[in-house]
Structures are given as structure tokens and as C-alpha cells.
Number of protein chains: 2
Amino acid sequence: MPSLEFFRLQTREEVLAHYDRFGPVGVEEMDLADAGGRVLAAPIMAPEDVPGFLRATMDGYAVRAQDTFGAGVGTPQYLEIKGEVPMGAAPARGVGPGETLRVATGAMLPPGADAVVMVEYTAEHPDGTLEVRRAVAPGENVLKPGEDVARGELLFPAGRRLRPQEIGLLAALGIRRLAAYKKPRVVILSTGDEIIPLDGTPAPGQVRDANAYLAAAQVAEWGGLPLMHGIIPDDFDALRKTLAAALDAADLILISGGSSVGVRDLTLTAIKDLPDSEVLVHGVALRPGKPTILAALGHTPPKPLLGLPGHPASAAVVMEVLGRPLLSRLAGVNDPSPWGRTVTAVLSRNLAGATGREDYVRVRLRREGATLWADPILGSSGLLSPLVKSDGLVMIPLGVEGRFKEEVVGVQLFGGS
Amino acid sequence: MPSLEFFRLQTREEVLAHYDRFGPVGVEEMDLADAGGRVLAAPIMAPEDVPGFLRATMDGYAVRAQDTFGAGVGTPQYLEIKGEVPMGAAPARGVGPGETLRVATGAMLPPGADAVVMVEYTAEHPDGTLEVRRAVAPGENVLKPGEDVARGELLFPAGRRLRPQEIGLLAALGIRRLAAYKKPRVVILSTGDEIIPLDGTPAPGQVRDANAYLAAAQVAEWGGLPLMHGIIPDDFDALRKTLAAALDAADLILISGGSSVGVRDLTLTAIKDLPDSEVLVHGVALRPGKPTILAALGHTPPKPLLGLPGHPASAAVVMEVLGRPLLSRLAGVNDPSPWGRTVTAVLSRNLAGATGREDYVRVRLRREGATLWADPILGSSGLLSPLVKSDGLVMIPLGVEGRFKEEVVGVQLFGGS
């Protein structure tokens with residue numbers, strides 16, 4: 001007998017709290033050139049200073065700053081030009097009092113120099129004298145050793161997703177190989193006797209397996225490896241056997257497609273029949289998305305199973321709201337940016353909320369002068385076309401009656417928008 | 001002699017206008033399962049109706065809506081249950097006046113039925129009679145054939161980037177293969193005698209090739225294929241020869257690294273020496289990013305070359321502001337969402353703009369209660385670490401003196417945030 005708790009709808013927060021029992025799915029080594037978007041599996045310390053030497057950030061002249069004090073347009077100072085610093089090599093000589101060397105951006109400063117006068121504020125005289133028309137402070141137009149990164153500094157903690165700038169900094173430090181969490185393998189199964197493969201021609205009463213493709217594209221976009229394992233007939237033995245086999249191949253199982261109560265009950269029975277399985281959630285307080293299932297399968301460690309609602313719009317919303325954070329968890333992401341995918345816009349009409357459920361309304365964004373409008377796109381959650389017309393979701397929290405026309409709202413953007 | 005125009009800084013809008021001469025780089029066929037994030041090369045029309053039949057969107061009973069008129073809790077109507085509709089098959093019989101068939105979500109409605117009464121509003125009596133406690137309107141709880149997509153309808157124009165929901169809709173229509181624009185091949189070259197490969201140990205005056213890795217990660221994230229072609233010495237012949245060879249392999253050439261005026265001049269001379277080359281931009285009114293170069297190479301069709309500033313932060317900003325739209329152009333994207341990567345936040349301090357230049361300031365986002373603050377991250381554009389600490393950019397337009405503390409600003413998010 002299922003416990004009564006299974007029939008209580010759980011809130012988004014309650015569902016997310018269950019994710020604590022799942023963790024990153026493994027570690028692999030890779031080249032830095034392949035690590036963009038990946039998640040660090042171990043903290044990285046800086047093995048050396050960046051820059052490694054006192055470096056010019058402007059084209060000009062390496063000087064002792066004190067030699068320029070008092071210099072101005074009407075009161076130039078004069079220095080003796082002793083040559084130039086070659087790029088990519090140590091200077092052949094230092095800069096003594098009253099002396100200067102030409103430097104290009106990126107060049108190493110010669111011993112004795114502590115600043116660079118920009119070429120714009122100088123003139124070279126035929127006798128090898130430099131006229132300096134502006135004073136510089138010590139450290140001006142130079143980078144000190146370790147100013148960007150100091151040796152031994154914690155660069156990035158484990159769980160950091162590597163953006164292009166992180167890749168650039170690791171390159172500057174010569175870190176060519178790193179350990180990242182593996183991409184979670186996500187087995188996608190479809191259920192429902194009415195579902196046929198993509199290459200079939202639907203007979204009356206049949207539909208193609210659209211939800212599995214939608215979910216697979218979401219998984220790939222969010223950094224997972226989708227593995228489409230096909231369609232299972234509405235049959236207990238087939239379902240149980242397929243689930244047991246999927247457990248070997250998967251870090252996460254998504255069951256998609258079965259939209260009737262009968263298929264969902266069958267799925268639930270098959271899950272419960274697996275050894276060491278535990279149904280954590282059976283029904284969520286979301287609209288759309290109520291018939292969502294979350295289960296933990298096995299124990300070394302447990303693997304999550306997410307049973308998606310059958311309606312495509314419901315499945316897509318559940319994937320955005322619950323699937324994406326689960327994938328982030330399995331991918332080892334620490335503290336995913338909460339603002340990364342939310343824009344603010346002005347609602348173009350009143351929206352009533354759903355009693356007792358957190359409500360997600362699809363919206364299209366429309367710019368009109370300085371205002372970004374969010375136009376609700378209504379329509380049955382059995383339809384795909386409203387999703388295609390939408391840029392994202394507006395959420396009406398639990399216990400809130402609705403949102404008003406001209407209210408400023410956050411719009412959680414769909415991927416790829 | 002270079003014309004004087006080369007020395008006038010061009011605005012962002014002027015630079016973007018040059019992109020009109022470049023276009024998508026070619027077309028390839030692929031499976032739908034591989035098409036997530038890709039850009040359609042041809043419009044797609046719906047080959048059939050979705051759904052293809054009158055479909056139940058709820059579990060319940062298929063009825064003639066008029067048979068339920070007047071039904072209420074105190075005034076139930078009674079119908080005769082004639083069996084059920086199997087999933088994935090045509091119903092064996094129709095529904096006559098006073099009759100009903102059980103249907104599950106997704107099942108085909110039998111001839112004669114035009115609505116579904118949800119199971120919640122019914123009771124089955126032992127004699128095979130259904131008690132209906134709520135009236136339904138014709139079309140209630142069903143999807144009509146073609147309601148999602150009508151046969152012959154333009155689904156997507158060419159230039160549409162395929163998000164997961166577009167993939168789902170194409171799957172529903174059985175479209176397994178499609179024509180997408182090829183991913184632009186982006187050859188990345190570094191210049192500068194001070195630049196060494198990643199696996200080298202920098203001698204005094206040398207630095208590793210960080211900018212090329214940063215640019216490659218950006219290109220990959222934005223849907224291009226980065227091809228790292230290594231470091232060219234500061235030598236006219238080497239540069240010219242490498243550029244000529246890169247033209248065969250590339251749809252876009254990025255030159256990264258050379259930060260001194262001398263290297264930039266050499267690059268410019270080498271570009272001008274290539275047959276059919278045209279320097280379109282030499283200097284942009286952006287801060288950071290002034291020493292940017294844009295050129296068109298060859299003529300069948302011309303290929304763009306973008307010369308990036310040498311400072312890493314400048315290069316990263318130029319890639320975001322100018323490189324990304326150029327890549328979108330080459331990828332065939334039509335109308336990239338202008339809001340897709342912009343969040344609004346409140347500036348936490350005053351910012352002065354740059355005279356005569358559009359100014360981009362790195363910011364970190366910080367949530368405090370209901371407010372999303374944008375904290376400016378200052379520091380030389382020669383540094384990588386401020387970029388790593390930032391979530392995005394705030395732009396101060398040309399001719400605007402600055403932005404004020406507590407002003408609401410748009411933050412253009414970096415990728416992966």
C-alpha cells in the first residue's frame with residue numbers, strides 16, 4: 001500500500017530538498033581546450049604569479065616615476081633614451097636616474113623602472129632625448145607580478161562551471177589538463193500505447209514521440225548526455241525490465257509520454273517493484289506539472305528517476321523548473337546563478353493564479369520603445385505551438401491570487417532564447 | 001597609403017552595418033536529434049495536422065456535449081457506458097445520443113463525441129450508467145485536428161535557431177532530417193613575440209597564449225567551431241603566409257594577442273597585402289576595445305577577419321559586443337533575441353563614461369532581498385581576474401556622461417552565467 005504522503009502534492013521547495021540525496025556522477029580528466037562549459041571537480045590553486053614580471057600596459061617609455069614628477073605641457077622633463085626593450089625577452093639593461101627605454105604594451109619593464117609614460121605625452125628629440133609632458137605615479141601603466149593572480153591563491157572551487165574567461169585565466173597559468181565532473185547520462189524512456197517512433201505514420205489514435213525529443217534537446221542544452229531508449233508498451237513486465245536495464249546506463253532516468261492515469265499508475269507500480277526503490281514525490285503543486293513523479297532507485301548511490309507529465313507543455317515546464325536543477329546537481333554545479341536566465345518585463349494583461357499550486361504561464365517578450373512587455377501565451381498544455389511562440393515563463397507563487405496588468409515580473413527564459 | 005577614414009573610430013552601429021556583406025557559410029543535412037541549437041537553412045511547412053485526430057486531453061468520458069447540458073451536482077444527467085476507447089487505436093464504435101465511452105488522456109474521440117467529461121465530475125453506477133455532475137461545452141477537454149499545427153502552415157522560417165520546443169514540434173510532425181546552416185569555422189591566430197604556447201614555461205618577458213583560449217571558448221559557446229592555429233611571430237612574411245592559408249580553412253579569422261602598436265600595424269599591412277582584401281574598420285569607439293580591426297578578405301564571398309585588442313578584457317568585450325553578432329550573421333541566425341542575455345539590475349555606485357566612446361563596465365550581480373545589484377568590477381583591461389569575477393557588462397552609451405548609483409541598468413550577461 002502506498003503511504004498517504006504519496007498523494008499529497010509537494011511544493012517545488014519540497015521537491016528540490018529531495019535532491020540532496022543525489023550527487024555528481026563521476027570525474028574525468030580533459031584538455032583545457034575541451035573544458036568550456038564543464039564543471040570543475042576539484043579546486044584549482046594558482047601555480048605561479050600572473051603576470052610573472054612587471055609588465056607595460058601601454059606603448060611608451062619605461063621610467064623611474066620620480067624622474068617625471070613636475071612634468072607638464074609647459075614644464076617638460078627630459079630623459080635620456082638608452083634603447084628599447086625587446087618583446088618576449090628580458091631587457092638588456094636597466095633604467096638609471098634620468099634614463100628611459102622604449103617599451104611596447106606587454107613588454108617587461110627594465111630593472112629600475114616602475115612606470116610607463118604613454119607615447120602620447122612624449123616627444124623624441126634628434127639628440128636621443130625624450131621630452132616628457134606628463135608626470136606618472138609609481139605603478140602607472142604597468143601590471144605588477146601577481147597583480148592578476150598570485151601564486152598559491154585559490155582560483156576556483158570545485159563546482160565552478162568554466163566560462164570562457166575562466167578558460168582564459170587557466171590558459172594564462174599553463175593549466176592544460178583538469179578534472180571535471182562527467183556529464184550526466186540521461187536515459188529517456190517513453191511510455192504509452194498511443195506513442196509511435198518518429199519515422200512511423202500515425203494511425204488514428206496514435207501520435208509521434210515528441211516529448212522525448214523535447215526532453216533530449218533540453219538535456220543536451222543543459223550539459224547532459226541524452227540517451228533515447230525508445231518507447232515501452234503499457235505493460236508492467238516490459239516497463240520493469242526496461243527500467244532495470246536503464247539503471248545500468250543512466251545517471252538519471254526520465255520517463256516521458258504516458259499521459260493517462262493508467263500509465264502513470266503502471267509506471268509507479270513498476271518503480272516500486274525495483275529493488276531499493278523509493279518514491280519520493282508523487283504529484284507536485286505546480287501548474288502545469290501536477291502528475292510528476294520523483295523516485296530514488298538503488299543505493300550505491302541512488303539514481304534519480306523523474307516521471308514527466310504526458311502533456312508536452314507540462315513536461316517542458318517540469319523539466320525547466322525541476323529537471324534542470326536536478327541535472328545541475330548531478331553535474332556537480334555549485335551555486336548556479338539564480339539570475340542567469342531571468343529578465344524583468346512588464347505584464348501586458350492580468351493573470352489569475354492556480355489555487356494551491358505554483359503557476360507557470362508561458363509568455364512571449366515584445367520590445368516597445370524602452371519597455372519589454374511579457375505577453376501571456378495561453379492554450380492547452382496538450383499543445384506544442386504555444387511553447388514555440390514563447391520566450392519563457394512567468395511564475396505566480398503559491399498563495400498569490402494572480403499578477404496584474406503592468407506589474408513588473410521576472411521572466412525565466414527558455415534555453416536558446 | 002591608408003585612407004584617412006581608417007583612422008576615424010567607428011561606432012558599434014557602423015561596425016555592425018559592415019556585416020551585411022557577410023552571409024551564412026553553407027548548409028548541411030542532419031538528424032533532428034542532432035539539431036538542437038542549430039539554425040534552419042530553409043523554411044519548414046507542416047506536412048500534416050497536429051494532432052491528426054480529435055484527441056482527449058483529460059481522463060474521463062467521451063460525450064456529445066449537448067447530452068450534458070443542464071447537468072449539475074443537484075441535477076445530474078445519466079448516460080449509458082458503451083465501453084472504452086483503446087489507447088493508440090481508433091475507437092471500435094461511435095457515441096450516439098445518451099451514450100458515452102471511457103477515454104484516457106491522449107485517446108481518440110469516437111465519432112459522434114465532441115467533448116470529454118472529466119472523471120472527477122462523474123460516477124459509474126453498477127448498472128453501466130454514468131452519472132454526469134457537470135456540463136461540458138462542445139470542444140471541452142479535447143484537441144481538434146490541426147489545433148496545434150495545421151497542415152501547410154509555415155512552422156519556422158529560415159534563420160530560426162531550434163530550441164528544445166521547436167525540436168519537439170518537428171518530432172511531432174515526423175520531420176527526422178532537416179537542413180541547417182553549417183557552424184562557422186573560426187580560425188584563431190595569435191601574434192606577438194612575447195606570446196608562448198600553453199605548455200611552455202614563460203621566460204622573463206613572455207606570457208602564455210590566454211586570449212586565444214578565451215576566444216575559442218566563446219566561439220564554441222556561441223555555436224562556432226574554433227580552430228586554434230597557433231602563434232605567429234611578429235614577422236610580415238610569416239603573418240601574410242599564415243593569413244593566406246587560414247583563408248582556406250576559415251569562415252572567420254580572429255587575430256588575437258598582439259597588443260603593441262607595432263604588431264597591429266604589421267597585421268594591418270599583412271591584411272592589405274592579401275589579394276582582394278579590404279580594411280573596413282581600424283579602430284572602434286568602444287572602451288575597452290579601441291584598437292579593433294575588421295577586414296573583408298577575398299570575394300567569393302568575402303570572409304571577415306576580426307583583429308582583437310591585445311588586452312584580455314578588451315578582447316573579451318570586443319568578442320561579446322562585435323564578435324558574437326558577426327558569428328550569428330555567419331551562422332545564419334535571423335533576428336537573434338535582443339533580450340536573451342540582458343537582465344535588469346540596480347547600479348551600486350556612480351560610473352563615469354568614456355568621452356567619445358561607448359563604455360562597457362564589468363559588473364558582478366548580487367541579490368539582496370528583492371534587489372539585484374550590479375557591482376562594478378574595476379581593474380586594468382590587462383587583467384583576467386576582474387573578468388572572472390564578473391557576470392556581465394553594463395553599457396554607458398556614447399554621449400552619456402555616466403550612470404548613477406541606484407540607476408536601473410541592463411546587464412548583458414556573459415555566456416554560461
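Student: What covers the buried residues of helix α2 of chain B in this predicted model?

Tutor: Helix α2 of chain B spans residues 164-172, and nine of its nine residues are buried, where buried is defined as having 20 or more other C-beta atoms, placed from the backbone, within 10 Å of the residue's own. Helices are DSSP runs of H or I with at least four residues, strands are runs of E with at least two, and both are numbered from the N terminus. This is a predicted model, in which local features need pLDDT of at least 70, side-chain atom pairs count only at pLDDT 80 or more, and totals for chains, interfaces and linings use all residues. The cover over the buried residues of α2(B) includes β11 (154-156) of chain B together with, from chain A, β15, α3, α6 and α7.

Student: Which residues of chain B does A:V388 contact, leaving aside its neighbours within four places in sequence?

Tutor: A:V388 lies in helix α7 of chain A, and it counts as buried because it has 21 C-beta neighbours inside 10 Å. Residues are numbered from 1 along each chain as its sequence is written, while chains are lettered from A and ligands numbered from 1 in the order in which they are written. A contact requires C-beta atoms, placed from the backbone, to lie within 7 Å, and by that rule the partners of A:V388 are B:Q165, B:E166 and B:L169.

Student: Which element gives the largest share of the side of chain A that touches chain B?

Tutor: The contact takes 86 residues from chain A and 86 residues from chain B. Among the elements that give two or more residues to the side of chain A are α2 (164-172), α3 (210-221), α6 (312-330) and α7 (385-389). The largest share, nine residues, comes from α3(A).

Student: What relation holds between chain A and chain B, given the rotation of 180° with 0.0 Å of shift along its axis?

Tutor: Copies are superposed by least squares on the C-alpha atoms of residues with pLDDT of at least 70 in both, and here a rotation of 180° with 0.0 Å of shift along its axis places chain A on chain B with an RMSD of 0.0 Å. The same surface serves both copies, with 100% of the contact residues of chain A recurring in chain B. Of the residues of chain A, A:V343 comes closest to the rotation axis, at 2.4 Å for its C-alpha. The relation is that of a two-fold axis.

Student: Which residue of strand β6 of chain A is the bridge partner of A:I81?

Tutor: Strand β6(A), residues 99-103, has four of its five residues buried, so it is largely enclosed by the rest of the structure. Strands pair if DSSP finds at least two bridges between them; three bridges join β4 (residues 60-63) of chain A to β6(A) in an antiparallel arrangement, and three join β5 (residues 77-84) of chain A to β6(A) in a parallel one. In β6(A), the partner of A:G60 is A:V103, whereas the partner of A:I81 is A:T100.

Student: Over which residues of chain A does pLDDT stay under 50?

Tutor: pLDDT is the predictor's confidence in each residue, from 0 to 100, and its mean for chain A is 93, with 95% of the residues reaching 70 or more. Where pLDDT is low, the predicted coordinates should not be read in detail. The stretch where pLDDT stays under 50 is residues 1-6 of chain A.

Definitions and conventions:
Contact = placed C-beta atoms within 7 Å. Buried ≥ 20, exposed ≤ 12 C-beta atoms within 10 Å, placed from the backbone.
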